[in-house]
Amino acid sequence: MKHTHLILLAFCSLFTTLSAQQKTTPVYSDVNIPLEQRVEDALSRMTLEEKVGLCHAQSKFSSAGVPRLGIPDVWMSDGPHGVREEIVWDDWTPAAWGNDSCTAFPALTCLAATFNPILSREYGVAVGEEARFRNKTMLLGPGLNIYRTPMNGRNFEYMGEDPWLSSIMVVPYIQGLQSNGVSACVKHFALNNQETNRDNIDVEVSDRALYEIYLPAFKAAVQKGKAWGIMGSYNQYNGQHCCHNEWLINRILKKEWGFDGVVVSDWGGTHDTKQAALNGLDIEMGSYSNAMPRGKNNSYAFYYLANPFLDLIKKGEIPQSLVDEKARRVLRLIFRTTMSPNRPFGRFVCPDHSQVARKIGGEGIVLLKNQQSLLPIQKNTYKTIAVIGDNATRSLTKAGGSSELKVKYEVSPLQAIKALYGNNKVVYSQGYAAGAFQYGRTTRSTANNDSLLNAAVETARTADVVVYVGGLNKNNGQDCEGGDRTSYGLPFGQEKLLEELAKVNPNIVVVLLSGNAVAMPWLDNVKAVVQAWYIGSEAGNAIVDVLSGAVNPSGKLPFTFPKRLEDNGAMSFGVSSFPGEKGKETYKEDILVGYRWHDTKQIAPQFSFGFGLSYTTFELGKLRASASQFKAGKTIKLSVTVKNTGKVYGAEVVQIYASQQHPSVMRPVKELKAFQKVFLNAGEMKTVSLEVNTNDLAFFDDTKHAWKLEPDTYTLHCATSATDIKSKVDIKIVN
Ligand code: BGC
């Protein structure tokens, strides 16, 4: 045969193979076909058993795909501050892999405190890259439960007390995360505001509080962030568990908000096959099935949404359309993530991620007090720096519950302080003993607290300055899943320790590591207080950036610090309001959560929502509005000048709070409706522009189940915290 004939023959056979392949390529795996068509096609090829198989776990952190059709499993991981280590197939034992030590990013309270949505996106992108690299379909986060009381053990995983702040901050996090082809799983939907009796507590809350306070961030996550996943919470609402709650999932999430993603149960949060089938749960995770004793092999076939579900469908007691709908959602998730042609490859533990973590840490740290400008501490000002406190050396990425991380590295505050100021200048004393971590148990240290205290006092006596690094930790009863805090004051004898230290040294900087407010009876005795959250891998570096002035603090509190616990709205009503009695709990403070309560009841907080100092000073001009009258749905354009009147570069957060002058219903004195962080060189002035849509001034009218914007005069307050109002402007809403 001639050479050209050979080539022709080869070409023809290649062409026939290709077209044969094309013919057999199923619609569902053809990425050029619209996603919904692919979903329907895949569904039409699946057996009933395969559809049911998509709706429940096959291991601790995965649910099965359809291997016969090449549809992959769904792999999930906590979330929300980094990608958790691998866990063995059937229980919580770590799998002991050698390649899963991640970057720990700052806790979400710290992210919220940046008041900087640009950093939210960077956070989402970075943590998403880590999740993608680890081949996860879904990251179990971010957490969005509103900070209702300082006692909640999981507040550190959430974004504070204000629905507007968390709504603005969560959207770019989700967009950034999902840009990696990894789904968010926004949690815990909804009203999961405590750990005490979390599996069963039945929450009673008004529709107004539900819609105005507890739901907006979830709604923003779904409608603006376009989250592909959401996790039902453990607790009950209206006498029904939230993982299969008719009101929350079917009526609000899926019908009112049009959510088209998957509802995943919290681990062990499913309790009934019919309810799970009917009330919108799509994937059941973590149940202990009835067929096997708790703690043994989880026997996934016996999950509520496994064989019992299949049986009811086969008996005709549940329509097949229900399983189709669940399977459709799971397929959509898989096509959006693992089977997406646009899925990048991710990155794991890289300098960029460390930098993002450090930047967010530095911008989220809040300077609460700085008498006589004790801070920043320049490199050569002092000869001896005493570092005191257990948190200066304790790993705070370990423990805390499901957000616990196995990290590649974690820079402790002591390490970073020594690195910057010099080993020879820094002396360390533990000061108090905080016990080792054991899940669900409070352990006591065997160390003698009196001798630790005495040693610390002697260390402080001879030092020029004391950097006290204390606060809470991630142990049971502190900032930890599975239990709430047991007292508002600092634990482990720290109050006494601070009192004694103040007697021997006038220059004390308190660095608080916590995800919650604490009582501060020692406040007058110390010169400086820095709220430094849980920052993760870069904790020490970010803290030293602020202590040394390399970073000028610009974080603002995402929740109020009450002076006394009973000053907090939820706590003021006693046990029926928190943590509930006889299995029931009523949110008696209603819509008056956080600063809304303090404002309206005129209870001065220790530190206000939105508060945070800087090493420079700012002057705000008068707030101006684009007009004085507006109709519904219109945008009020606002502007104000901000000048850096100090000597160093810094940032201020302009906050706009709104109040209605003659509402027909009770309304909080004021509510956050816009904010903008502005960065300024020393002496520089900028005009900051902000926008408020008039519809956002409405309240939820529970008699009509609709938002209502009343024609009235509204005041817009321009402020630098909920209690530092600089100027105001009145506008009218007209019909
Ligand atoms: C937590 C969730 C977590 C899940 C999986 C549950 O106990 O409430 O937040 O994602 O466990 O670890």
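Biologist: How do α6 and α8 lie relative to each other?

Modeller: Any two packed helices are described by the angle between their axes and the distance between those axes. This is a predicted model, where local features need pLDDT of at least 70, side-chain atom pairs count only at pLDDT 80 or more, and totals for chains, interfaces and linings use all residues. Here the axes of α6 and helix α8 (residues 216–223) come within 8 Å and cross at roughly 25°, so α6 and α8 are roughly parallel to each other. The classes are roughly parallel under 35 degrees, roughly antiparallel over 145, roughly perpendicular from 65 to 115, and oblique for the rest. Axes are lines fitted to C-alpha atoms, for helices over the stretch in contact, and angles run from 0 to 180 degrees between N-to-C directions.

Biologist: What handedness does the crossing of α6 and α8 have?

Modeller: Right-handed. Look at the near helix: turned anticlockwise from the far one by less than a right angle, it makes a left-handed crossing, and clockwise a right-handed one. Numbers and element names work like this: residues count from 1 along each chain as its sequence is written, and side-chain values use heavy atoms, with hydrogens and water left out. Helices (H or I, at least four residues) and strands (E, at least two) are DSSP runs, numbered from the N terminus.

Biologist: At what angle do α5 and α6 pack?

Modeller: About 30°, for α5 (residues 117–133) against α6 (residues 163–178), with axes 7 Å apart. That makes α5 roughly parallel to α6, and α5 passes α6 in a right-handed crossing. Now try α2 (residues 35–44) and α12 (residues 320–336): their axes are 9 Å apart, at an angle of about 125°. So α2 and α12 are oblique to each other, in a crossing that is again right-handed.

Biologist: How far is an oxygen atom of the ligand from a polar side-chain atom of H188?

Modeller: 2.7 Å. For E481, a side-chain N or O atom is 2.8 Å from a ligand oxygen, and for K187 that distance is 3.0 Å. Taken alone, the ligand exposes 310 Å², and the protein buries 96% of that (Shrake-Rupley areas with a 1.4 Å probe).

Note on methods: Polar contact = N/O pair within 3.5 Å; in protein donor to acceptor, adjacent residues only side chain to side chain.
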